[in-house]
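Biologist: Could you take me through this model before I set up any calculations? I would like to go topic by topic.

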Amino acid sequence: MQTDSFVIRHLGPRKDQVQEMLKALSLKSTKELIFNTIPDDILLKSPLNLPEAMSENEFASHIQKLGSKNKLFKTYIGLGYHATSLPAVIQRNIFENPSWYTSYTPYQAEISQGRLEALLNYQTVVTDFTGLPLANSSLLDEGTAAAEAMIMLFNGRSRNQKKANANKFFVSEEVLPQTIDILKTRSEPLNIELVIDDHEEIDFNENFFAALVQYPAKQGEIYDYTDFISEAHQKDVKVVVAADMLSLAILKSPAEMGADVAVGTTQRFGIPLGFGGPHAGYFATTDDYKRLIPGRIIGITVDADGNRALRMALQTREQHIKRERATSNICTAQVLLAVMAGMFAVYHGPDGIKYIARQIHSLTNILNTALLKLGLKQYNKVFFDTLKVKVSDADKVKKFAEEKEVNFLYISKKTIGISINETTTLSDIEEIINILAHAENLYSHKITDCLADVSIPESLQRNSEFLTHEVFQKYHSETEMMRYIKRLERKDISLTDSMISLGSCTMKLNAATEMLPLSMSNWNSIHPFVPVNQAQGYHEMLKGLEEQLNVITGFAATSLQPNSGAQGEYTGLMVIRAFHKLNGETERNICLIPASAHGTNPASAVMAGMKVVVTKTSESGNIDVEDLREKAIKYKDNLAALMVTYPSTHGVFESAIREITEIIHSNGGQVYMDGANMNAQVGLTNPATIGADVCHLNLHKTFAIPHGGGGPGVGPICVAQHLAKFLPSNPVVKTGGMKAITAVSAAPFGSALVDLISYSYIKMLGSEGLTKSTTVAILNANYLKSRLEKHYKILYAGERGFAAHEMIVDFREFKQKGIEVTDIAKRLMDYGFHAPTVSFPVAGTLMIEPTESENKAEIDRFADALISIKKEIDTFEADKDSVLKNAPHTQAMLTNDEWNYAYSRKEAAFALGYIAENKYWPSVRRVNEAYGDRHLVCSCIPTEDYIED
C-alpha cells in the first residue's frame, strides 16, 4: 500500500471491492461505467491541468510555510471583527471534533437532539442579550443579517404602506461599510431605495418603511436610539438595530430602546477571526414576524411519549416549500460557529461575559485617559471599546505602529480608530500609548497613573438580567463543560457513526489533514482588513484555490466571496443581471427553472429581481426540451437566464444538455448551472463544456468542507470570461472585477478560513485523484442502486440504465398500506443510519448519495438495512403494532419493565447482526411536529414548563 498517497485514504473502496462492485454491475472497468453514464460529447478529452498530488506530509509542510507569510500583528481595526479567546475546551471538543463538524442540518430531529440543544442555547443567548423574544439559529454574517432584516420588513409592510408603495429604507451613515454595501446589492433588484444619512437629521415620511442604525456606531460612538425609534414608530417605520453582542452585556438592550429587529455577529463569543469568517450572524425580532423571519428556528416540542424534544420549527416558511414565493433563499446557516458561540456563553455564564465586557471597557477607559494626558483629542463622548483619535499625521502613526507590529484603523489623514478586544492587556495599552507618543513627539505617562472609571451614562447602562437559565450556571469548570459537550455529542449521528447518504448533500470525508490548519494561529487569527502584505499567505492560498476551481470548471474567473450555496446562486444571477444591464438589455428579467430544481433556485431568482417561469419535466425525469424551447422562444426578448442543475436533481446526466444550453443562448439568455451535483463532474466533464456561463460550487459538498451540522458553507461562483468583470467587490479591501457588483458577503473573501480545506483537498488529490474520486462516487451509487432495485422502484436512470452519483428510491406505492416515507426515515435510525434526503425532489421518495468515501462494507450495511425494512413493509398490518410506526426506539423503551408491543425487543433495536457492534440510541422517540409549531418556544425555559398536565 502506498502510504504516502492521500487518495487511498480519501476513497472508501479498496481495489478488490471496486472489482466486486463492477462485477455486480456486469462491467469490466470503471472506464466502461463512465461511458455508460456520461454522454460522450461532454466527456473531457484530457486530464485536469493541475499540479501533481501532494502527500499529507508534503502538504503539512507546504501549508505551514504558506501560513508563515501571514503576519500576526496586534490588531485594533475593529469594524465588526475583533480578536477573541476561544476556550480550549470548546476548541478541542467542538471545533476540532468530527462528531460535531461532520453532522448534517438537523432535519431528522430524533438523531440531532445534541446540536439542537446547543442551538437552542445559542438562540437563548441572542434573545437574552437583545431582549427580543424570537431568534433564529444563525445567519451567514452581520451584513447578510441586516439585509435579511430589510427584506423581511419590506415584505411585512402594512397594507397602507404597500398601497402607497413605501419603499425607502433609511441607513445610518454610521453603519459598517460592508453592511451598507450588501444592502446596496440586495435592495436594487427589489426596488428598495436606500437613504444613507445622519440618523439625527432624518425626517421620516410615508415613503419610509424601515431604518437601520449601528450600536455602537462604526467608529465607536454610542447613541441612545430610544427617541429615534419612538419617532420612527410614530410614522409606522420599523427599526433594525445592528448591535455588538458583547457590548450588550453592559449596554441597554435593543428591545429596551424599542427596536423591532436586532442583528449582528456573535464572532466576539470566542470565534476566531479567520480572515473574515466563517462567523455566525444573529437575528432577533418580535413574535409579529415569526412567519417571515429568515433562516432556521429551533423550537421545543414533545415526542411520542410526551417528553420534551427539540426540532426545527415552522419549516413551512422555508424556500424548499415556498420556492418562488419564499421571502428568503437562506439555506445554509453557520451552525458550528453558532454552537461554539453558545457554548462560549455556557462556559463563561453571565458573570464571565460581564467580566470580559467590563475588562474591555475598562482598558478602553484607561487608554482614553492616557490619550487625554498626552494632549490628544478623542472624539467619542460615549464608547464601549473604540476610540476615535485626532493625530497630526496618520501615515506617520501607521509607520511607527507597523514597526511595532500593531494595526489601527486609519479613518483619514488626521484621524485613527482604536478598538480594544478580549485579548488586549494593560501592557498592550502601554504599547499603544508609546506608539502615539512617539508619532506625536510627546512624553508618555505611566498608565498606572490613569483611572479606569466606567464612562457609560446610567441611562445607557444595562440593568436587565440575561443568561438566567440553569444551563448558563452549571458548566463553568472544564470538567463539567467537557462532559456536557460529550453528553450532547452522544445524542447525534455524524460521519463518525455511519454513512450519511443524503442525496444532493455529498457527505464525504472531511480529512483530518485538511482540518488541521484551521487551528493554526497564523491562519485563524488574521483580521480581514489587514494590509495585503500582512496576509500574503492568505492571498496566495485564495488565488491558488481560484485557479484550481477555474481549471476544474473550465471557466475564466472565480469569486470566493459567497458563503453559502444559495448565496452563490444569488451572486451568479446578479452577475448575469449586471451583464444584461451593461448591454442595455435591462428588460431581460425572465428566469427559466425546471420543475425539479432545488428550492433555493426560484427563491434566488426572485431576490435577484427576476420573474420565474417553470419548465416541465418529462416522465423520465429529464427537462422537457420542447417545453423549454417553446418558453425560451416565447420570452426571447426578456429571457435573462436558465437555472439548470447538472447532473439533474434526479441523478441523471441528461444527454440533451448541450442542446438545452444552445436554446437559451440563441434566445439571448445566459446559462446558470447549479453546482450542487458537481461531485459527479469533477475531472470527467465540466460546466463550460456543457455550455454554461456561470456556476456556483458547494465547497461544503464537492470539495470537502464539513457541513458542521448546518454550516459553514462556501458557495463560490465561477464564470466565463465575458462575466469576469462583474464579480463582487468589497468596500474596504479591493476584490472583484472591473465592473464589479457590490458585495454579497461582509468579508472580502467570505469564509476564508475554511477555504483552506478545499485548497488542501485539491492539492492532495491532484488531477488523477480528483477524477478517481468522481468515478468512485458514481460506482458506489450504481452499486447501491443495483442492490436496492431488486426490492424497490428506482425512479430515474440515464439512457443506458445507470445513475450519476445519486438515485431516487420510490416509496409511494406503500402509502396504500398506510406507510409513509417518514416511517422509513425514522426506522433507519434503529439500524444506525441517518435517513437519506426525504421527499426531495419527489414527494414520497428518498434521494440517496453514498459518496466516494464509503467502502463496500458500509454500503452493504446500508443496503441490508433498507432490504430488511422492505421485509417489515411486506409484513406490515395497519391494525397491529409496527416497528415502522413506532420507530425510532429509544433505550428507555427497550429497558422498560413493560413491553406491550406485538414484536420483540430484538426486532425493535437489533434487527440485523451488525447493529449490536456499534449501537446508536436515539435520545427521544418520534417528535410531534405539529405540537412544536402550535406552541412555538425557541429559547431555554424551565423543563417543567414543557410538560402538559
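This is a predicted model: local features need pLDDT of at least 70, side-chain atom pairs count only at pLDDT 80 or more; totals for chains, interfaces and linings use all residues.

Biologist: Salt bridges, then. How many are there in the whole structure?

Modeller: A search of the whole structure finds 38 salt bridges. One of them joins the side chains of Arg787 and Asp864, at 2.9 Å from N to O. That pair links distant parts of the chain, with Arg787 in helix α26 and Asp864 in helix α28 (residues 856-874), 77 residues apart.

Biologist: Is Asp864 buried, exposed or partly exposed?

Modeller: Asp864 is partly exposed, since its relative accessible area is 31%.

Biologist: Which residues are linked with Arg787 and Asp864 in a network?

Modeller: The salt-bridge network links Glu20, Arg787, Lys856, Asp860 and Asp864. Within it, the side chains of Lys856 and Asp860 form a salt bridge of 2.9 Å, N to O. Lys856 and Asp860 are 4 residues apart in helix α28, so about one helical turn separates them. Both Lys856 and Asp860 are buried.

Biologist: What about Lys870, which residue does it bridge to?

Modeller: Lys870 forms a salt bridge with Asp874, and their closest N and O atoms are 2.9 Å apart. These two residues are also separated by about one helical turn, because they lie 4 residues apart in helix α28.

Biologist: And how accessible are Lys870 and Asp874?

Modeller: Lys870 is buried, with a relative accessible area of 15%. Asp874 is partly exposed, at 45% relative accessibility.

Biologist: Let us change topic to burial. Why is helix α10 described as largely enclosed?

Modeller: Helix α10 (residues 177-187) is largely enclosed by the rest of the structure because 9 of its 11 residues are buried. Among them are Gln178, Ile180, Asp181, Leu183 and Arg186.

Biologist: What do those buried residues pack against?

Modeller: The buried residues of α10 pack against the helices α8 (142-155), α21 (565-582) and α22 (600-607). They also pack against the strands β3 (168-172), β4 (193-197) and β5 (208-215).

Biologist: Now Leu134. Where is it, and is it buried or exposed?

Modeller: Leu134 lies in strand β2 (residues 134-135). Leu134 counts as buried, at 1% relative accessibility.

Biologist: What touches Leu134, leaving aside its neighbours within four places in sequence?

Modeller: Its contacts include Thr127, Phe283, Tyr289, Ile293, Ile297, Leu936 and Cys938.

Biologist: On to the surface. Which residues make up the positive patch?

Modeller: Arg9, Arg14, Lys15 and Lys772 gather there. Lys772 belongs to helix α26 (residues 752-788) and is partly exposed, at a relative accessible area of 42%.

Biologist: And which form the negative surface patch?

Modeller: Glu173, Asp197, Glu200 and Glu201 form the negative surface patch. Asp197 is in strand β4 and is partly exposed, with 34% relative accessibility.

Biologist: What is the phi of Ser26, and of Glu405?

Modeller: Ser26 has a phi near 60°, and Glu405 has a positive phi of about 60°. Most residues other than glycine have a negative phi. Ser26 is in the loop between α2 (15-24) and α3 (30-37) and is exposed, with a relative accessible area of 64%. Glu405 is in the loop between α14 (394-403) and β12 (406-407), and at 44% relative accessibility Glu405 is partly exposed.

Note on methods:
Residues are numbered from 1 along each chain as its sequence is written. Side-chain values use heavy atoms; hydrogens and water are left out. Patches are made of residues with over 30% relative accessible area and no salt bridge: like charges are joined within 9 Å, nonpolar side chains (Val, Leu, Ile, Met, Phe, Trp, Tyr) within 5 Å. Accessible areas come from the Shrake-Rupley method with a 1.4 Å probe; for residues, only the protein chains shown count as cover. A salt bridge is a side-chain nitrogen of Lys or Arg within 4 Å of a carboxyl oxygen of Asp or Glu. Lys and Arg count as positive and Asp and Glu as negative; His and the chain ends are not counted. The place of a charge is taken as NZ of Lys, CZ of Arg, CG of Asp or CD of Glu. Buried means under 20% relative accessible area, exposed over 50%, partly exposed in between (1.4 Å probe, protein chains only). Contact means heavy atoms within 4.5 Å.
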